[in-house]
Amino acid sequence: MRRRLLPVVAVVLGALFVAGRGAGSQGPTGVPAVAASSETDPGRLAAQIGCPVCHGQRGESPLSNIPSLAGQRSAWLEARLQDFRHLGRIGGEGVMPRYARNLSDQQIRALAAAYSLDPLPVPPRVVQASEVARGQTLYEQGDPARQVLPCATCHGPTGGGTATPLIPSLTGQHAGYVAYRLGVYRHLPARQGEPEVQAMRTVARSLSDADIRAVAAYAEQLPARSFR
Ligand code: HEC
Ligand code: HEC
């Protein structure tokens with residue numbers, strides 16, 4: 001755990017420095033809030049705020065614990081940014097709220113649309129083929145004996161998710177981030193959050209740690225295996 005978190009801590013601290021230089025105002029918790037901007041060109045706005053420092057130049061995050069945004073559903077990116085902005089759903093924790101706080105609806109739509117069109121990240125070389133294979137079986141078939149639902153039922157056979165209902169893409173997402181999010185869903189209290197959050201809580205609680213590592217490894221490799 002510590003080993004996986006250290007690089008993220010380093011980047012986050014670095015990014016706060018970068019963001020802090022241009023940010024004059026203080027947020028309610030005393031952390032620097034990124035200043036409001038009227039910029040609507042998504043590329044220029046992202047550069048101004050510093051999104052690429054963490055999420056990569058084209059939404060391909062360089063670190064396993066920070067999500068890639070490239071190729072993600074635009075509506076999902078928009079919903080998550082609105083959550084961070086309003087501290088809704090499970091968006092209140094971590095670094096994101098201060099980057100989303102001063103974005104307008106129009107800016108959020110523009111950023112979400114632009115990142116969704118960036119090409120899917122190239123999957124890293126497979127290091128544990130057996131883990132990926134086990135992940136594929138769980139992803140496609142689940143494990144009826146243990147009441148594990150197949151991820152494919154909701155996230156689709158190629159991992160692209162759906163627009164209605166809104167289900168995020170997992171294709172090419174960092175294994176570390178997928179595992180982290182499954183951990184978040186798993187530890188949510190019962191009855192907290194929207195029905196879709198509760199649905200993922202149920203799924204996450206049916207998975208063992210080894211299951212999580214396997215499906216996460218498989219999700220990261222999906223772009224090499226399928227087309228959306
Ligand atoms: C200091 C690093 C950092 C910066 C700068 C940053 N992010 Fe993030 N972002 C993160 C981390 C870490 C997460 C994961 C948060 C979590 O789930 O708790 C995240 C999550 C997200 C998500 C949710 C993705 C998903 O699939 O659930 C979106 C969308 C996002 N960021 C967009 C942006 C945009 C747009 C900007 C610039 C306005 C930005 N981020 C700036 C670190 C950063
Ligand atoms: C019953 C439908 C359903 C099934 C089955 C399901 N998911 Fe989900 N998943 C969802 C929904 C809906 C969301 C969005 C929840 C929210 O709003 O936070 C989601 C969100 C996620 C996220 C967060 C993505 C992000 O970018 O933050 C991950 C990771 C995830 N699912 C992984 C999985 C894995 C792995 C499996 C299989 C073991 C799985 N899901 C099975 C419906 C499902």
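Helix α10 gives the largest share of the shell around ligand 2, 5 residues. Helices here are DSSP runs of H or I with at least four residues, numbered from the N terminus. The shell holds 20 residues, and L149, C151, C154, R181 and E196 come nearest. A residue is near a molecule if its C-beta atom, placed from the backbone, lies within 6 Å of it. The elements that give two or more residues to this shell are α8 (152-155), α9 and α10. By class, the shell has 15 nonpolar, 2 polar and 3 charged residues. Ala, Val, Leu, Ile, Met, Phe, Trp, Tyr, Cys and Pro count as nonpolar, Asp, Glu, Lys and Arg as charged, and the others, Gly among them, as polar.

This is a predicted model, in which local features need pLDDT of at least 70 and side-chain atom pairs count only at pLDDT 80 or more, while totals for chains, interfaces and linings use all residues. Residues are numbered from 1 along each chain as its sequence is written, and chains are lettered from A and ligands numbered from 1 in the order in which they are written.

How confident is the predictor? pLDDT is its confidence in each residue, from 0 to 100. The chain has a mean of 84, and 81% of its residues reach 70 or more. Confidence is lowest in helix α1 (residues 2-22), at a mean of 34, and highest in helix α6 (residues 105-117), at 98.

Now the helix pairs. Two packed helices are described by the angle between their axes and the distance between the axes. Axes are lines fitted to C-alpha atoms over the stretch in contact, and angles run from 0 to 180 degrees between N-to-C directions.

| Pair | Axes come within | Crossing angle |
|---|---|---|
| α9 (residues 175-186) and α10 (residues 195-205) | 8 Å | roughly 105° |
| α2 (residues 42-49) and α6 | 9 Å | roughly 100° |

The α9 and α10 angle makes α9 roughly perpendicular to α10. That term covers 65 to 115 degrees. L182, Y185 and R186 in α9 meet M200, R201, A204 and R205 in α10. These residues divide into 4 nonpolar, no polar and 3 charged.

Helices α2 and α6 are also roughly perpendicular to each other. P42, G43, L45 and A46 of α2 make the contact with Q107, A110, L111 and A114 of α6. Contact means C-beta atoms, placed from the backbone, within 7 Å.

Terms used. Parallel < 35°, antiparallel > 145°, perpendicular 65-115°, else oblique. Contact = placed C-beta atoms within 7 Å. pLDDT = per-residue confidence, 0-100.
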